[in-house]
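Please keep the sequence and the structure in view while reading.

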Amino acid sequence: MVYIRGNALDYDRWEEEGATGWDYAHCLPYFKKSTHHSLGENEYRGGNGPVGVTRPLMNNPLYHAFIEAGKQAGYPYTDDFNGFQQEGFGPMDSTTWNGMRSSASVAHLHQQSAARTNLLAETGCLVTRVLIEGGRAVGVEYRHDGQLKIARAAKSVILSGGAINSPQILMLSGVGPANHLKYHGINVQVDLPGVGQNLQDHLEVCVQQECTKSISLYKWQQPKNMVKIALRWFYNQGGLCGSSHFEAAGFIRSRAGVSHPDIQYHFVPCQVLDHGRGTITHEAFQVHVGQMRQKSRGYLRLQSNDPTQHPLIDPNYLDTEQDRWEMRQCIKLTREIFNQPAFDEFRGKELRPGLHCNADDELDQFVRQFGDSTYHPSCTCKMGTDSLSVVDPVSLNVHGVSNLKVVDASIMPSIVSGNLNGPVLMMAEKAADVIRGRKMLKPAYNVPVYHPPTLQTQR
Ligand SMILES: Cc1cc2nc3c(=O)[nH]c(=O)nc-3n(C[C@H](O)[C@H](O)[C@H](O)COP(=O)(O)OP(=O)(O)OC[C@H]3O[C@@H](n4cnc5c(N)ncnc54)[C@H](O)[C@@H]3O)c2cc1C
């Protein structure tokens, strides 16, 4: 439910990487079109788009301590990570509305399209391949209720299976690296070596600090009390369950000279173990911290030509020394922030990594053991015109196949410096205008964005 767009420079980089028409000026109007904001419309925030974005209440004092500590460590304050200034510490918006998740499904299917007679959504289906005849996509084959079915397309097929499954389905359909497809006995329709390559994700670790006051969410993480806050939420969607608890955040640069933030903090006023599956042991607070633009590139391949078999995925995290250095830097800079005076009244002992973990090789070991995906796989069918690109940035057609488009996180040329849901919603709105042949929204050329005044000399 975190709503973060990334940095304006990410989209200008997309354009440089070959995604013509995807610079910030062309994307900003679609970020606005996709959302409405609890604080109302401005140059950056949406006014009447389908997805609700809400400014957090930040009732817990630990959120304020975190932002204050960021300022004490020398970083700027920002009142909107998605507005003029991404860099700094401040409140983090969420895709919630009136205490409920404002997902693409809620915002588009349930609220906008439910009454449409020209929309049929079938659930519980597994798409097995796109049907391609004479270089043209004519429909999809899918499994439903144990039967193999076909849906034929009058105009085009739009694949939105996500960064793992869109390339898998393309390869199962004969679109991908020819030798790899032949190896699995798949008839090659188009030799596109980039399908499944260029996999990018955000790696993160949690740095946890014991909290000396009973103000963290610890009490509410006990089963008896979890029931209480859940009932409260069912009553009127209020209380603690009306928040994702990622209400404060930070975006900083790992070193001087880096053009825009390459480290992201998600702060939570509690301990989270094993993605919420572990038993909580302490009153604590923590950050999920990770690098935003790693150099390592992964890939995915078919395990077999059976669509029910998961593809083989190698994210290839930490392949470069720069990536390993940045992850160490994430932990070192967090310690500096947690040690600021704003945390004096709350700071207990460091729970994770723990003070025994100091030397670079110890930090590397910690990152290898506890580093996790932020769940941002992307870029595996990238837009562009180079030999490894898969999708044309202007038409969104798959190279070499007419009437077949891909719209999801897989078509990002490179990962953006933030969470991916907001950018995917933006891309979908823009793609809708492209596909329907509508006039595109006017680019926002003159909307200012922040440039650090001491870029070359200060972090
Ligand atoms: C646990 C978790 C937490 C996250 N938290 C955040 C967050 O707080 N903020 C944020 O911005 N981002 C978050 N993300 C990332 C964000 O959800 C994704 O980046 C985004 O949803 C990607 O959109 P997409 O359309 O590319 O793919 P998806 O949203 O994954 O959509 C792909 C769809 O295709 C379907 N599909 C795939 N293959 C087939 C097939 N063969 N047949 C039929 N259907 C198929 C899938 O079921 C899925 O519904 C989170 C992700 C996860 C997993």
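An oxygen atom of the ligand lies 3.4 Å from a polar backbone atom of Leu420. Another such pair involves Asn421, where a polar backbone atom is 2.8 Å from an oxygen atom of the ligand. At Val127, a backbone N or O atom is found 2.8 Å from a nitrogen atom of the ligand. A polar contact is a pair of N or O atoms within 3.5 Å; within protein, one atom must be able to donate a hydrogen and the other to accept it, and residues adjacent in sequence count only if both atoms are side-chain atoms.

This is a predicted model, in which local features need pLDDT of at least 70 and side-chain atom pairs count only at pLDDT 80 or more, while totals for chains, interfaces and linings use all residues. Residues are numbered from 1 along each chain as its sequence is written, and side-chain values use heavy atoms, with hydrogens and water left out.

## The shell around the ligand

Which residues come nearest to the ligand? Of the 18 residues around the ligand, they are Met1, Val2, Val127, Ala409 and Asn421; a residue is near if one of its heavy atoms lies within 4 Å. By class, the shell holds 10 nonpolar residues, seven polar and one charged. Here Ala, Val, Leu, Ile, Met, Phe, Trp, Tyr, Cys and Pro count as nonpolar, Asp, Glu, Lys and Arg as charged, and the others, Gly among them, as polar.

Helix H5 gives the largest share of the shell, three residues. Helices (H or I, at least four residues) and strands (E, at least two) are DSSP runs, numbered from the N terminus.

Met171 is part of helix H5. Is Met171 buried or exposed? Met171 counts as buried because its relative accessibility is 0%, where buried means under 20% relative accessible area, exposed over 50% and partly exposed in between (1.4 Å probe, protein chains only). The C-alpha atom of Met171 is separated by 9.3 Å from that of Leu192, and the two residues are 21 apart along the chain.

Ser173 belongs to the loop between H5 and strand S10 (175-176). With a relative accessible area of 6%, Ser173 is also buried. The side chain of Ser173 reaches the backbone oxygen of Ile169 at a distance of 2.5 Å.
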